[in-house]
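Dear colleague,

Please find below the structure that I am handing over to you. My notes on what was found in it follow directly after.

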Amino acid sequence: MSQSSTQPNALQHVAVIMDGNGRWAKERGLPRLEGHKAGAESVRAVCQSCIEKNIPYLTLYAFSSENWKRPRHEIDGLMSLLERFLKTKMPDFKRQGIRLHAIGRLDRLPPKTRKALEDAIEKTKDNNNLNLILSLSYGSREEIVDATRDIAMEVAAGKISIQDVDNELFSQHLYTADFPDPDLLIRTSGELRLSNFLLWQLSYAEIYVTKVFWPDFRQEEFNRAVDEFASRNRRFGKV
Ligand code: IPE
Ligand code: IPE
Ligand code: MG
């Protein structure tokens, strides 16, 4: 009998494509930004669930490289919302022991947003209940290109040889070098695609898609996803 059928699936890292804020707002006749605001409350709920379930890593897709193509007012609104979220949530982060991290091309963020982010990362660095990783201005292809450039430079400088380049070394050059690969990927709002999210890291993640829009995805929905994950038979290519 395979080990996976006798041992419960370990759940160390959950990654979420938080989708459907715009449609949630539209259904209610509200501006899209109201959907993004309501989505911030789901972030709080899912962090709390991870803490209660002793899941140490949570990565949230908050803004993709492609999202820069959205209308200016929506981008500005999202950036202000993020700043406000970071500033107002600080007492919660402290109380809940949440350590913040960010992955993506952060240099593209407006200076004020970037400053708020860096402050939050610095202020939470000693917390250790939950690592909350925000993917911001993030694109997996860009990340892979960045890693390839870094590795090529190290080879060119004679620091490593071509033979040293393997899966492990490659992983160590991704933005996610400090984190384990996600075990579970959740996508809300029903779309069946990855949208340039963690292409390398999700190789063996279990995928859970729900039609529920992100602002309606709270603890009960999260529990459903975790229960479903627990029932999966992870084989990793074995029999
Ligand atoms: C996800 O919701 C949040 C971001 C991408 C920033 P959307 O804004 O994509 O909402 P829909 O998909 O248009 O409903
Ligand atoms: C993916 O959602 C990005 C985030 C959740 C931040 P999108 O709404 O941007 O993805 P597509 O356009 O449906 O693929
Ligand atoms: Mg969307």
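Ligand 1 sits in the largest pocket of this predicted model. A molecule sits in a pocket if more than half of its atoms lie within 2 Å of its grid points. The space taken by ligand 2 is also the largest pocket.

As to conventions, residues are numbered from 1 along each chain as its sequence is written, and chains are lettered from A and ligands numbered from 1 in the order in which they are written. The model is predicted, and local features need pLDDT of at least 70, side-chain atom pairs count only at pLDDT 80 or more, and totals for chains, interfaces and linings use all residues, while side-chain values use heavy atoms, with hydrogens and water left out.

Ligand 1

There are 13 residues around ligand 1, and Asp19, Gly22, Arg23, Arg32 and Arg70 come nearest. A residue is counted as near if one of its heavy atoms lies within 4 Å of the molecule. By class, this shell holds three nonpolar, five polar and five charged residues; Asp, Glu, Lys and Arg count as charged, Ala, Val, Leu, Ile, Met, Phe, Trp, Tyr, Cys and Pro as nonpolar, and the others, Gly among them, as polar. Helix α1 gives the most to the shell, with three residues. Helices are DSSP runs (H or I, at least four residues), and strands are runs of E with at least two.

Several polar contacts (pairs of N or O atoms within 3.5 Å) can be listed. A polar side-chain atom of Asp19 is 2.8 Å from an oxygen atom of ligand 1. Polar backbone atoms of Gly20, at 3.4 Å, and of Asn21, at 3.2 Å, also face an oxygen atom of this ligand. The protein covers 86% of the 380 Å² of accessible area that ligand 1 has on its own, by the Shrake-Rupley method with a 1.4 Å probe.

Ligand 2

The residues surrounding ligand 2 include Tyr61, Phe63, Asn67, Arg187 and Arg193. Strand β2 (residues 57–64) supplies the largest share of this shell, four residues. An oxygen atom of ligand 2 lies 2.8 Å from a side-chain N or O atom of Arg193, and a polar side-chain atom of Asn67 is 2.9 Å from an oxygen atom of the ligand. Of the 390 Å² of accessible area that ligand 2 has on its own, the protein covers 78%.

With kind regards

Note on methods:
Polar contact = N/O pair within 3.5 Å; in protein donor to acceptor, adjacent residues only side chain to side chain. 1 Å grid on protein atoms, 1.4 Å probe; cavity = no way out; pocket = protein on both sides within 12 Å on 5 of 7 lines; lining within 4 Å.
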